[in-house]
Amino acid sequence: MAENTIKSVRRVFEILELFDKERQPLAAKDIAKKLGYPLVSAHALLKSMHELGYADFDAPSWTYIPSRNFIAVLDWVPDLLERERNLLDFVEALNRQTMETVNVSRRVNTQIRIMHGLESIHTVGVNVRVGAMMPVTGSLTGLTALAGMPDDERGEFLDRLVRDDPAQAEGIDRAVLQSIVDELKSVGTATKSDVFIPGVGAVCFPVYTKDEREQLVIGVVGPTDRISQSGSDYRKAVKQLVKEYHIKTVLRVK
């Protein structure tokens, strides 16, 4: 969990993740024990969630559970995903054909968030954590998102990054970024290994949403040895499936 997040906000989401894991009402004392919080803090957070209408409280058992109001504020998400049903079908087909982990990521300002993912079918593969966020300059999918931008927009973004987040800007490997730009312009995909995580490689490429308003990045991720051995086959699978599913790529997959 990021160190610079606001503690109370972080704890609310940790509590929600715990509810998702346990799938049952939980008492404040149980939440405090499982998450290592002071009991008074767990009580205060749950009481606030209840007073705001986002958690139901059962007095006889002293347990809480996320309320229907909480579910209601997110009920638009399935609709959004459904609008991209063709893209999700494409991801499933790519997962089946490559047998590797396939994820869909979206840039959120200076971060990249994994929106959707399917695990590798191989016995040994790379795990994906949907919802995880990383610095846009600290992951191959993030650099691919930047590389898929028009040159002038990418330059403006990097200038803003130097001004607003110098620590992240200092860590960017501009040579790697430029090589991804060149590779996308040449063949429509970028294949790299051991850039950020030793032993892990990926074939990445940017695509548009159905309405062409937003750019996403799809990554076929696996151990370096498989990416090295089968990368050309994965690129062929991308080319075939992009045509079959009529996926709108940011740069033409040749």
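This is a predicted model: local features need pLDDT of at least 70, side-chain atom pairs count only at pLDDT 80 or more; totals for chains, interfaces and linings use all residues.
**Entry 1**

I started with strand 1 and strand 3, which pair in the antiparallel sense over two bridges. For the terms: strands are DSSP runs of E with at least two residues, helices are runs of H or I with at least four, and both are numbered from the N terminus. Two strands pair if DSSP finds at least two bridges between them. Residues are numbered from 1 along each chain as its sequence is written, and side-chain values use heavy atoms, with hydrogens and water left out.

Next I looked up who sits across from Ala27, and the bridge partner in strand 3 is Thr63. Thr63 is also the bridge partner of Asp58. Strand 2 and strand 3 (residues 63-66) pair over four bridges, in the antiparallel sense.

What order do the three strands of this open sheet have? I noted 1-3-2, with antiparallel pairing. Strand 1 (26-27) and strand 2 (55-58) are the edge strands, each pairing on one side only.

The hairpin of strand 2 and strand 3 has four residues between the strands, and there Trp62 takes a positive phi near 55 degrees. I then checked what lies across strand 2 and strand 3, and found helix 3 (residues 39-51), running at about 110 degrees to strand 2. Axes here are lines fitted to C-alpha atoms, for helices over the stretch in contact, and angles run from 0 to 180 degrees between N-to-C directions.

**Entry 1: two helices**

I moved on to helix 8 (residues 151-164) and helix 10 (residues 174-187), whose axes come within 13 Å and cross at roughly 160 degrees. That makes helix 8 roughly antiparallel to helix 10 (the label is for angles over 145 degrees).

Which residues make the contact (heavy atoms within 4.5 Å)? I listed Asp151, Arg154, Leu158 and Val162 of helix 8, and Arg174, Leu177, Val181 and Lys185 of helix 10. By class, I got four nonpolar, no polar and four charged residues. Ala, Val, Leu, Ile, Met, Phe, Trp, Tyr, Cys and Pro count as nonpolar, Asp, Glu, Lys and Arg as charged, and the others, Gly among them, as polar.

Most residues other than glycine have a negative phi. Met99 has a positive phi of about 65 degrees although it is not a glycine. I found Met99 in the loop between helix 6 (85-98) and strand 4 (101-108). Met99 counts as partly exposed, at 32% relative accessibility; buried means under 20% relative accessible area, exposed over 50%, and partly exposed in between, with a 1.4 Å probe and protein chains only.

Asn109 also has a positive phi, near 60 degrees, and belongs to the loop between strand 4 and strand 5 (111-118). Is Asn109 buried or exposed? I noted exposed, with a relative accessible area of 57%.

My last stop was Thr209, in the loop between strand 8 (200-208) and strand 9 (215-223). Thr209 counts as buried because its relative accessibility is 7%. Leaving out residues up to four places away in sequence, Thr209 touches Glu84, Glu214, Leu216 and Lys248.

Terms used
Contact means heavy atoms within 4.5 Å. Angles under 35 degrees count as roughly parallel, over 145 as roughly antiparallel, 65 to 115 as roughly perpendicular and the rest as oblique.
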